[in-house]
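Subject: Structure for your review

Dear colleague,

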Amino acid sequence: RKEGFRYFMEKEIYEQPQVLADILTGRLRDEAVTLDEFPSAWLANFSSVTLCACGTSYHAALAGSYLLERLARVPAKVEIASEFRYRDPVLDPRGLFVVISQSGETADTLEALKLAKAQGLATLALCNVDNSSMVREASQTLLLRAGIEKGVASTKAFSAQVMTLWLLALYWAQSRDTLDTARRVEEIAAMRRTLDVVRVQKPVHERLHRLSKRYLHGHGFFFIGRDLFYPLALEGALKLKEISYLHAEGYPAGEMKHGPIALADAELFTIALMARSTLYDKIKSNVEELSARDATIIAISTEDFELADDLIRIRAFEHPMLEFFEMLVVVQLLAMEIAIRLGNDVDMPRNLAKSVTVE
Ligand code: F6R
């Protein structure tokens, strides 16, 4: 069943090209995307969007909010379901409420959905399981098409969530006419290229396997990134902590100087997501500050970077989402390789369940 892979997690990381291909099937035209689930005119009615989720799905929601604002210019808010539901939140009655969940059963997310519905908001569920509670509860659904995910640590479902949110953002942009044709064509071309980008390159996997033995100790990891690479930093840190049991945090790179830099020393491993496409000079100077305080720098970058203790070189892409997916595979594999070296069962991490149906 693992088809030659050591773990389901590994198999699921390697399945990502197929998952993205399935998501795009039937949905791309040359200059536009189409979703059969609902007309784009439906989206034009809403004055804002709130994205609500837990865990990895929350990280996808955060990435989605950047895409929705940037492409569709629709005000986007992101909520952690367990906070949202007890906060007595003020909702935009003309807004769309979106829940994101692999299982469709997470108790807090499901209750948040019911709350928004009870207040009269239109609701949309992005779920991987088609007969799940959230799918039944929401007014509209976009199924994630990721196939069954067995590894407790979510990998291919996260890719599917981000890709589906990107499609939604472009579809919404079409309904509001916020992008010119050239820009839409560019987005669609980038979507098509992601299938190649997420295909695991053997030399990269081997390099991460070898590199992992240097990072089994120390007193913690900081994954840092900016813009879209901030949600990716959060996701990289969550993957690592849940399967390796090492302390890891994701942080916006520009925030390090507001406190966490106090932790910097040689035992602090900083994984810097240095995207060429996005605020490169800004993150570079953030990393320089950390290096000057002796932090150990593991840079994921297309560029040479002399301050890196280890450089994980990635391919250069113009489009931020291609860099996003390229780096996503790197952080997934790095977390997995470290955890396997530590002797952990990465498919069944201690204390975790695949679906959290109690709050
Ligand atoms: C992390 C992970 C969890 C889930 C979270 C939400 O790898 O799997 O953080 O993302 O429990 O689950 P769903 O998406 O099923 O609502």
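I begin with one residue. Apart from residues up to four places away in sequence, Glu-10 touches Phe-5, His-205 and Met-336, where contact means heavy atoms within 4.5 Å. Glu-10 has its place in helix α1 (residues 8–14); helices (H or I, at least four residues) and strands (E, at least two) are DSSP runs, numbered from the N terminus. With a relative accessibility of 6%, Glu-10 counts as buried; the term means under 20% relative accessible area, with exposed over 50% and partly exposed in between (1.4 Å probe, protein chains only).

Some notes on the source are needed here. This is a predicted model, in which local features need pLDDT of at least 70 and side-chain atom pairs count only at pLDDT 80 or more, while totals for chains, interfaces and linings use all residues. Residues are numbered from 1 along each chain as its sequence is written, and side-chain values use heavy atoms, with hydrogens and water left out.

The open sheet

Five strands, in the order β7-β6-β8-β9-β10, form an open sheet with parallel pairing; two strands pair if DSSP finds at least two bridges between them. At its edges are β7 (248–252) and β10 (310–313), each of which pairs on one side only. Direction ignored, neighbouring strands of this sheet are turned by 20 degrees against each other on average. Axes here are lines fitted to C-alpha atoms, for helices over the stretch in contact, and angles run from 0 to 180 degrees between N-to-C directions.

Within the sheet, strand β6 (residues 220–225) and strand β8 (residues 268–274) run parallel and are joined by 5 bridges. Ile-224 stands opposite Ala-272 in β8. Two helices pack on the sheet: helix α11 (residues 229–244) touches β6, β7 and β8, and its direction makes about 175 degrees with that of β7. Helix α12 (residues 280–292) touches β6, β8 and β9, its direction making about 170 degrees with that of β8.

Thr-296 lies in strand β9 (residues 296–301) and is buried, with a relative accessible area of 13%. Its contacts, leaving aside neighbours within four places in sequence, include Tyr-215, Asp-265, Leu-268 and Asp-309. The side chain of Thr-296 also reaches the backbone oxygen of Ala-266 at 2.6 Å. This is a polar contact (a pair of N or O atoms within 3.5 Å; within protein, one must be able to donate a hydrogen and the other to accept it, and residues adjacent in sequence count only if both atoms are side-chain atoms).

Strand β1

Strand β1 (residues 49–53) is largely enclosed by the rest of the structure, because 5 of its 5 residues are buried. Val-49, Leu-51 and Ala-53 cover one side, and Thr-50 and Cys-52 the other; all are buried. β1 runs parallel to strand β2 (residues 76–80), to which 5 bridges join it, and Leu-51 stands opposite Val-78 in β2.

The ligand

Which residues come nearest to the ligand? Of the 14 residues around it, they are Ser-57, Ser-101, Ser-103, Thr-106 and Glu-242, a residue being near if one of its heavy atoms lies within 4 Å. Oxygen atoms of the ligand lie 2.5 Å from a polar side-chain atom of Ser-57, 2.7 Å from a polar backbone atom of Gln-102 and 2.9 Å from a side-chain N or O atom of Lys-239. The ligand taken alone exposes 410 Å², of which the protein buries 89% (Shrake-Rupley method, 1.4 Å probe; for residues, only the protein chains shown count as cover).

Yours sincerely
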